[in-house]
Amino acid sequence: MNMKKKVLLMGKSGSGKTSMRSIIFANYIARDTRRLGATIDVEHSHVRFLGNLVLNLWDCGGQESFMEQYFASQKENIFRNVAVLIYVFDVESRELDKDMHYYQSCLEAILQNSQEAKIFCLVHKMDLVAEDQREQIFKDREDDLKRLSKPLECTCYRTSIWDETLYRAWSNIVYMLIPNVKALEYSLGVFAKIIDADEVLLFERATFLVISHCERKEHRDAHRFEKVSNIIKQFKLSCSKLGAKFHSLEVRNSCFAAFIDTFTSNTYVMVIMSDPEMPSEATLINIRNARKHFEELESPNSNNLNISYQN
């Protein structure tokens, strides 16, 4: 049985909504988004995520005439049964007051039609801001948005199509929608402990968004997962352009060994071991042995981790 979640992607024209959607869900690379045109009215797409979860994505054109229609004649149709509202702000917009007005109108419509919806604000195009000013500019904008959003709560992220921040934001948003994510995390923890891995990560197969992870040794880079998402997805796309199909990757040096391999029909797994002498075959056998259990978790009926592992 499919679980559908309606996701509204809104913001003024030119804020970058369609570019980010195309990078995450349609395998565009950042420089190719320049050829994308403005969204006319509402573009609908259904994105299958982890087998049973379907994101019903509504990319709403941000031209003034369309925005006015959304709040006048189309309010109930647009804002009914919304699971997530993602509002995108261009950090360098010269019409911030109008942006805030439209955002408030969205919040009012959500309160009337979808009170349980989760609200996310993306302060986008942060690459256009001087690096030493980004933290303060984002903090000021976040404070304003949280105050404006009351009585609803919003979660804010700073994003750019040119770095891993886009993956960080969308990974966290999708994470909130996965119904059995706690079971996935628990099983990843058991799996990591049994095979003595430092870390294990699950990536959604098409988007390479991080959907779950287990960390057993502290790492100084808190944003490494999203960086890996970005790098591996670009590598996967490069393989496809050369006519090759990406299946797996192994990286070793004197400090660690990392394995990325196809896992379930909907995921890739990444296993990081601090023992670089660990034979590849043992880790790959353990990944293979765990596949069946995680396949069952994706149609959430399984509770027990009953797998044999190689030492």
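Reply: A salt bridge is a side-chain nitrogen of Lys or Arg within 4 Å of a carboxyl oxygen of Asp or Glu. Please keep in mind from the start that this is a predicted model. With that cut-off in hand, we can look at Lys-182 and Glu-185, whose side chains meet in a salt bridge with 3.8 Å from N to O.

Me: Where do Lys-182 and Glu-185 lie, and how many residues apart are they?

Reply: The general idea is that an α-helix has 3.6 residues a turn, so residues three or four places apart point the same way. In this structure Lys-182 and Glu-185 both belong to helix H7 (residues 181-195), and they are 3 residues apart, which is about one turn of the helix. Lys-182 counts as exposed, at 59% relative accessibility, whereas Glu-185 is partly exposed, with a relative accessible area of 23%.

Me: Which parts of the chain does the pair Arg-21 and Asp-59 link, and are Arg-21 and Asp-59 buried or exposed?

Reply: Arg-21 and Asp-59 form a salt bridge through their side chains, with 3.1 Å from N to O. This pair links distant parts of the chain, since Arg-21 is in helix H1 (residues 17-25) and Asp-59 is in strand S3 (residues 53-60), 38 residues apart. Both Arg-21 and Asp-59 are buried.

Me: How should I read the packing of two helices, and at roughly what angle do the axes of H4 and H5 cross?

Reply: Two packed helices are described by the angle between their axes and the distance between the axes. Here the axes of helix H4 (residues 96-113) and helix H5 (residues 134-149) cross at roughly 35° and come within 10 Å, and the crossing is right-handed. On the side of H4 the contact is made by Leu-96, Met-100, Tyr-103, Gln-104 and Leu-107, while H5 brings Arg-141, Asp-144, Leu-145, Leu-148 and Ser-149. Sorted by class, the contact of H4 with H5 has 6 nonpolar, 2 polar and 2 charged residues.

Me: What should I look for in the backbone, and which peptide bond is cis?

Reply: Most residues other than glycine have a negative phi, and most peptide bonds are trans. The peptide bond from Lys-150 to Pro-151 is cis, with omega near 10°, and Pro-151 has its place in the loop between H5 and strand S6 (154-158). Asn-81 is not a glycine, although it has a positive phi of about 60°; this residue is in the loop between helix H3 (75-79) and strand S4 (82-90), and it counts as exposed at 59% relative accessibility. Lys-125, which is not a glycine either, has a positive phi of about 65° and lies in the loop between strand S5 (118-124) and H5.

Me: Finally, is Glu-164 buried or exposed, and with which residues is Glu-164 in contact beyond its neighbours within four places in sequence?

Reply: Glu-164 lies in the loop between S6 and helix H6 (165-175), and at 16% relative accessibility it counts as buried. Leaving aside neighbours within four places in sequence, Glu-164 is in contact with His-223, Glu-226, Lys-227 and Asn-230. Glu-164 and Phe-225 are 61 residues apart in sequence, yet their C-alpha atoms are 8.8 Å apart in space.

Notes. Residues numbered from 1 in each chain as written. Predicted model: local features only at pLDDT ≥ 70, side-chain atom pairs only at ≥ 80, totals over all residues. Heavy atoms only, no water. Helix = DSSP H or I, 4+ residues; strand = E, 2+ residues; numbered from the N terminus. Buried < 20%, exposed > 50% of the residue type's maximum accessible area, 1.4 Å probe, protein only. Axes fitted to C-alpha atoms, helices over the stretch in contact; angles between N-to-C directions. Left-handed = near helix turned anticlockwise from the far one by under 90°. Contact = heavy atoms within 4.5 Å. Nonpolar A, V, L, I, M, F, W, Y, C, P; charged D, E, K, R; others polar.
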